[in-house]
Amino acid sequence: MKGKVIDSQTSIAISNVSIIHNSKGKRVFSDEFGYFEVNSKGNYLFESIGYNTITINIDSEDFLIVQLISKPSELNEVVINANHIPTTLKKSVTTTNIITQKEIELGNDINISQALNRTPGVFMQSGALNTNRLTIRGIGSRNLFGTSKIRAYFKDIPLTNGSGETNIEDFELNTISQMNITKGATSSAFGAGLGGTIQLNPLNAYLNETSTNSELTFGSFGLFKSTLNFNHGISKNSFRGVYSITNSDGYRDNNDYNRQTFTLTSNHFIDDKNELTFLGSYVDLKAFIPSSINQDTFENNPTAAAFTWAQAQGFEDSQRGIFGLSWNHTYNPNIRQVTSVFTSFRNGYEPRPFNVLDENTFAYGVRSRLIGDFQLLEKPLKYTIGGEFFKDRYSSKTFENLYQNFPAGTGSVQGDELSNFVEYRKYFNLFFEVNYELSEKTTFVAGLNYNQTSYDLEDNFPTSTNNVDQSGQFDFNGILSPKIGLSYLVSDNVSIYTSFSQGFSPISLEETLLPNGQINNELKPETGWNYEIGTRGGIFNNKLQFNLSVYRLDVKNLLVARRTTQDQFIGVNAGQTLHDGLEISLNSNLINKESFTLNGFFNYSLNNYKFENFVDGDNDFSGNDLTGVPSEIVNTGLDFATEIGFYANINFQHIGRQPITDSNSLYSDSYNLTNLKVGFRKSFSGKLTFDVFYGLDNIFDEAYASQILINARGFGGSQPRYFYPGNPINYYAGLNINYQF
């Protein structure tokens with residue numbers, strides 16, 4: 001009788017699981033791909049370090065899928081798949097952080113930044129629910145609007161578009177079971193992004209279970225959210241659908257937010273060699289934009305929107321969908337292939353004070369890789385080899401915004417067309433990585449990624465004396481990014497690791513356009529070498545888990561967005577930055593009794609990021625602090641739970657000051673935030689569970705800037721608008737009901 005053991009949240013196969021017949025005592029183990037075989041019917045005990053032990057009755061010759069639930073207190077033992085080679089986090093040679101579903105639930109389920117910002121080295125600034133900028137180890141801080149230079153995937157589906165821009169904040173948090181964050185230019189299999197990679201793992205459907213879950217949340221600033229979650233699974237097939245609707249008036253003027261999402265996942269274990277997984281997500285969003293404000297307004301009237309954005313009633317209206325199908329095929333006990341095909345679209349309409357943007361994106365692609373293992377000199381070697389192809393078509397039109405020609409309160413009015421572009425953007429990655437166990441304690445890792453990117457631009461706006469045809473082509477030279485790492489187990493629970501690797505960030509097509517309409521083929525993509533040494537593990541009988549890393553990221557060909565008009569930027573290679581940092585992560589199981597548990601965590605990031613060589617026009621900023629990155633970040637907190645159902649957690653966050661201008665003539669103030677959440681959870685008859693909760697964010701009502709617009713310029717004699725005010729003290733409360741049929 002055959003079966004397979006997988007992680008219940010990620011579906012990653014778990015190797016070396018101990019499977020013991022309860023009465024006969026005979027023991028077998030799952031292989032590298034999670035497969036096992038037993039010869040007798042009966043009850044079997046499934047045990048694996050880092051996972052809860054379960055008992056399964058095997059009484060049929062049908063192929064069996066066994067799902068194990070990971071222990072949050074033993075994350076270093078959990079199997080990860082950051083580079084498509086399953087390995088325990090303890091043996092990884094990269095700094096990878098796992099944000100579990102439990103950690104996501106520590107805060108509110110409205111804003112993803114709370115979960116991300118508890119991870120050392122990661123910082124998401126959030127000017128509004130639809131206005132965010134994510135940085136990892138300082139990479140992406142120079143992007144003025146949104147997130148770039150960081151790659152993100154929803155399982156195997158790219159969330160990063162053809163210009164290197166990423167958007168993850170629109171996804172429903174209740175559909176995510178786990179976030180894996182690989183920091184630095186260390187991910188061969190995911191495109192060797194300069195800042196790192198974020199992989200969102202969707203909440204899988206559970207086998208042999210039918211349940212429904214409903215949650216209602218309300219709170220400050222007119223917040224109302226409703227979520228419906230349905231799961232149905234039998235022995236080999238399972239489906240999960242999640243629908244949510246979120247509405248908020250926002251803290252500021254012109255700050256309304258309305259979002260609907262629908263997410264579907266399904267798993268199908270066809271036989272002992274074939275698995276199919278489907279993933280689909282749709283988001284419909286309409287959110288108004290208050291934009292940034294100047295210092296006087298920030299200090300005296302933080303609820304105000306920027307004047308022109310309020311007059312134009314600027315907003316974004318978008319619909320976004322992603323769909324993917326994955327096939328996992330096992331050829332033999334030593335080799336399997338995983339192939340995913342995907343497509344995505346986004347339609348957006350955004351009236352801004354300076355124009356109206358109408359844009360559409362359609363993308364498609366495929367990822368495929370072989371994963372295998374064999375013996376080399378009587379030592380196990382694991383490998384993956386594969387590729388990814390991605391292509392998207394991005395069309396954009398801009399129109400005059402005539403709001404000033406109409407009575408106040410009318411809002412944006414679309415006028416004549418100003419531009420009409422179609423971009424074709426494509427790339428392919430080829431990657432290869434090996435994990436070779438030199439001994440029982442030492443693992444050697446080597447990887448290689450090759451990327452080829454190109455753009456084609458069609459300018460469909462009529463040529464005139466005021467407009468030149470900007471059509472053209474931009475081809476990057478192929479980029480080869482190597483990676484080498486070494487991991488050593490000092491003891492059963494403690495490891496040290498080191499790695500050095502190279503990564504890059506592509507140039508967006510907009511950055512290549514010159515004011516005269518020509519494409520600048522002299523631009524070079526930013527590249528960087530990442531050097532790192534660290535240690536992770538557990539001590540005091542695994543009551544204290546730790547992760548410490550020291551790194552240097554040396555970035556060359558620094559790309560500067562030089563502003564020429566209010567809505568026009570050109571890209572310039574202006575120098576080099578040096579990112580030296582220290583990251584510490586501590587998680588402690590302080591008390592672990594049946595009646596009471598108490599856990600604590602402490603995360604610290606020290607960021608010493610400098611312009612090593614930075615000359616922009618007549619200005620020499622060499623030696624200055626890197627703009628838009630805090631000097632340090634501290635996150636610490638406690639959470640407890642009681643046997644009778646009460647639970648609570650408190651989280652303290654300190655954000656150091658950050659330079660606002662390249663000249664370092666202006667810095668933002670440091671600030672401290674404290675958030676609290678309490679609740680009561682009770683089950684009835686093992687089928688019905690109620691969960692009532694109340695949260696309070698920024699409980700000391702600190703005034704702070706939640707996002708900074710670096711190097712802002714004033715137009716028409718106005719002050720520069722650097723600041724996005726953060727929310728004052730605010731609450732949320734709700735009820736979650738789960739019923740298992």
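Which residue in S18 does Phe154 stand opposite? Phe154 stands opposite Leu200.

**Figure 1. The predicted model as a whole.** This is a predicted model, in which local features need pLDDT of at least 70 and side-chain atom pairs count only at pLDDT 80 or more, while totals for chains, interfaces and linings use all residues. Residues are numbered from 1 along each chain as its sequence is written, and side-chain values use heavy atoms, without hydrogens and water. The C-alpha trace spans about 85 × 55 × 45 Å along its principal axes.

Figure 2. Of the 741 residues, 59% are buried, meaning under 20% relative accessible area with a 1.4 Å probe, protein chains only. Among contacts (heavy atoms within 4.5 Å) with a separation of 6 or more, 64% join residues 24 or more positions apart.

**Figure 3. An open sheet of five strands.** The strands follow the order S10-S17-S18-S14-S15, with mixed pairing. The edge strands, S10 (96-100) and S15 (157-158), each pair on one side only. Two strands count as paired if DSSP finds at least two bridges between them. Strands of a sheet pair through backbone hydrogen bonds, either parallel or antiparallel.

**Figure 4. Strands S14 and S18.** Strand S14 (residues 151-154) and strand S18 (residues 196-202) run parallel and are joined by four bridges. The view includes Phe154, opposite Leu200 in S18.

Note on methods
Buried means under 20% relative accessible area, exposed over 50%, partly exposed in between (1.4 Å probe, protein chains only). Helices (H or I, at least four residues) and strands (E, at least two) are DSSP runs, numbered from the N terminus.
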